[in-house]
Amino acid sequence: MKTYYLPAYAIADLIKTRQISAVEVLEETLERVRDVDGRVGQVDASQAQSKEDLSSVHAFTTLADEHARGQAEKIDQMVKAGESPGPLAGVPYTAKDIFTVKGIPATAGSKILSNYVAPYTATAVERMETAGAVMIGKVNLDEFTYGSSSESSALKPVPRNPWDTSRVTGGSSGGSAAAVAAGEGAISLGTDTGGSIRQPAAFCGTVGLKPTYGRVSRYGLIAFGSSLDCPGPLARNVTDAALVLQAIAGEDPRDNTAAVVPVPDYLAELEKDIRGLRIGLSEEFFRVTYFDADTGELKENPIDGEIKDAVLSVAGFLAQLGADIVIDVPLPHTKYGIPTYFVISRVEASSNLLRYDGVKYGFRTEQPFEDLRELYRKTRGAAFGVEPKLRMLMGIYLSAAQFDKGYYQRALKARALIRSDFETIFDPKGNYRLDALLTPTTPTTAFPIGGVYGDSVLMQYSDQLTVTTNHAGIPGLSIPVGFDKKGLPIGAQFLGPDYSEGLLLRVGRAFEKVTANEEWRNRRPPLLPAND
Amino acid sequence: MTDKISVDVFKRLVDLASLELPEGESEYLRKELNNQMVSVEVLESIPVDAETGTAAHGIPYTAMNSPVPREDVTRQDPHREDILKQAPELEDGYIVVPDISHEELD
């Protein structure tokens, strides 16, 4: 049996018990990448056109095979010497190209960083290495993580969904989700600012965990929305996600927002039963708002019936296991999630993007310039794509004193109200006393490539079921829960109070176990031969 | 529907963002910004008042979960050369910049 589709925990066991070497696992995974990934994303390259292009995944922006071989050989030496190689010994993984890794390009999916080689390594990546994991490369994303389909990356071709390569992977951690789904690494590190781990995980049929804000250090991330960004794992099963969180969570003197909160033993929590847990369902998450470009109005509709049925079926399984399902849980400020996000994320993004100037690092315009201001304008105008430009312009409009209409203060208040909704339902002495909330992860399954891109409002509204989690700072775990009639994965998410990742993983694992024999559990992306 | 972001306001924003836009991009960007403002305007309907608090991170930071600030000490960065060689133009270990223009502020 090939190792590239095995769980991370199984790969680590095989290596630690010397049934296979880390180098052998790596080589099988790299072969898998060569078989299914196609052209690696590059700036100014053409979009997918040929038949081969259109049926490939295109997850990668950088293949770090030599770096990976060095790490794998080190693991094999440790095993041979009888040393402990770590809980993720020899497990191949990818990192979203928003994490810095010393000596390896960090593009953020943007032309403006296309020639940037990181001089330091992100804490999460360092901790993965300490745990024995082997980074095989960087994977594609929306430019600076700004998007929900990974189509805005300046590095073409953009990733394609392994379940149907005519469809998007979701985003912004689209390369991460696609790589994991296609067997190109057992796990991937992503980031979630408004749903960027959970939404692509749902679209590609993988597990995705957005930890509590501050649970995982942001050191070494190229910043988007500094009060919202959360690094976390994408994996093919809940246990692997728990293993990764165990490795990367915890305080970090290099990030003052990395909270000083003890890291529990997530694996010890996993197999406990869920009897008596109170799991909520909220009507607010079963309807969607969307922007009608023809009328310029926001409209509301019930969510896709297939997704609603799949989520209710999850509740049914959990009830069978002894959980109490609490219905009609009110979260009245959910509908303000996207408007609030339009303000806060744009203001933070515009601030974070001012550092790219063509002077200190990154791309510099090739056009002639007279002075520093012209250098800035020509460099930034040529090297930022439309998404960063939109975010900068909106961020300035919403925050600059000369245009100020109080939107930012109002958005911060809306954020407090959204947070207060969650505090109310999770209050152990309140009316609801929930341990977790169960919701759909996305309003739709993966949409066609080119189907939404260009309509920045509609694209943003695809995050409406994930974004309130980020405003509140709470954790969210998305897991695959079935398929729609088109054969596309459906995701559901569990949300919980601050630092409740252990409980969310336990509920996710319970669902995995109780559905282990369901027909849909045996499905594999068409790119994977049935006998693998 | 009147555009919140007029052509003149848009030009000012582009200037503040230090962007020189490729031909044909302005109209698309301005249209999208105005569409986004339809969503932002929804915030006007939220019942907030002076008493409603604000949230900066969602999750509160208290003395219990905040790290102790690092000591403020100077040190030689170990990656100095790696950092400097990222600059598009260097001379004797200094980053070269073109003339810095000056303009009277309003």
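**View 1. The largest cavity holds about 90 Å³ of space.** This model is predicted: local features need pLDDT of at least 70, side-chain atom pairs count only at pLDDT 80 or more, and totals for chains, interfaces and linings use all residues. Side-chain values use heavy atoms, without hydrogens or water, residues are numbered from 1 along each chain as its sequence is written, and chains are lettered from A in the order in which they are written. A cavity is a set of points, on a 1 Å grid over the protein atoms alone, where a 1.4 Å probe fits but cannot get out. Points are joined across faces, edges and corners, and the volume is the space filled by probe spheres set on them. The structure holds three cavities of 30 Å³ or more. Lining the largest are 15 residues (each with an atom within 4 Å of a point). Gly147(A), Ser148(A), Arg391(A), Gln460(A) and Asp463(A) lie nearest its centre.

**View 2. The domain interface of chain A buries about 1,700 Å².** Buried area is the accessible area (1.4 Å probe) that two parts lose on being put together, summed over both. Carbon and sulfur atoms give 64% of this domain interface. Ile112(A), Tyr146(A) and Phe224(A) supply 40% of the area that domain 1 buries against domain 2, more than any other three residues. Between the domains, the count of salt bridges (side-chain nitrogen of Lys or Arg within 4 Å of a carboxyl oxygen of Asp or Glu) is zero.

**View 3. Chain B packs against chain A.** Here 65 residues of chain B are in contact with 79 residues of chain A. The area buried between the chains is about 6,200 Å², with 64% from carbon and sulfur atoms. Gln36(B), Leu43(B) and Gln86(B) supply 11% of the area that chain B buries against chain A, more than any other three residues.

**View 4. A salt bridge joins Asp82(B) and Lys102(A).** Their side chains meet at 2.7 Å, N to O. Between chain B and chain A the count is five salt bridges.

Technical notes. 1 Å grid on protein atoms, 1.4 Å probe; cavity = no way out; pocket = protein on both sides within 12 Å on 5 of 7 lines; lining within 4 Å. Contact = heavy atoms within 4.5 Å.
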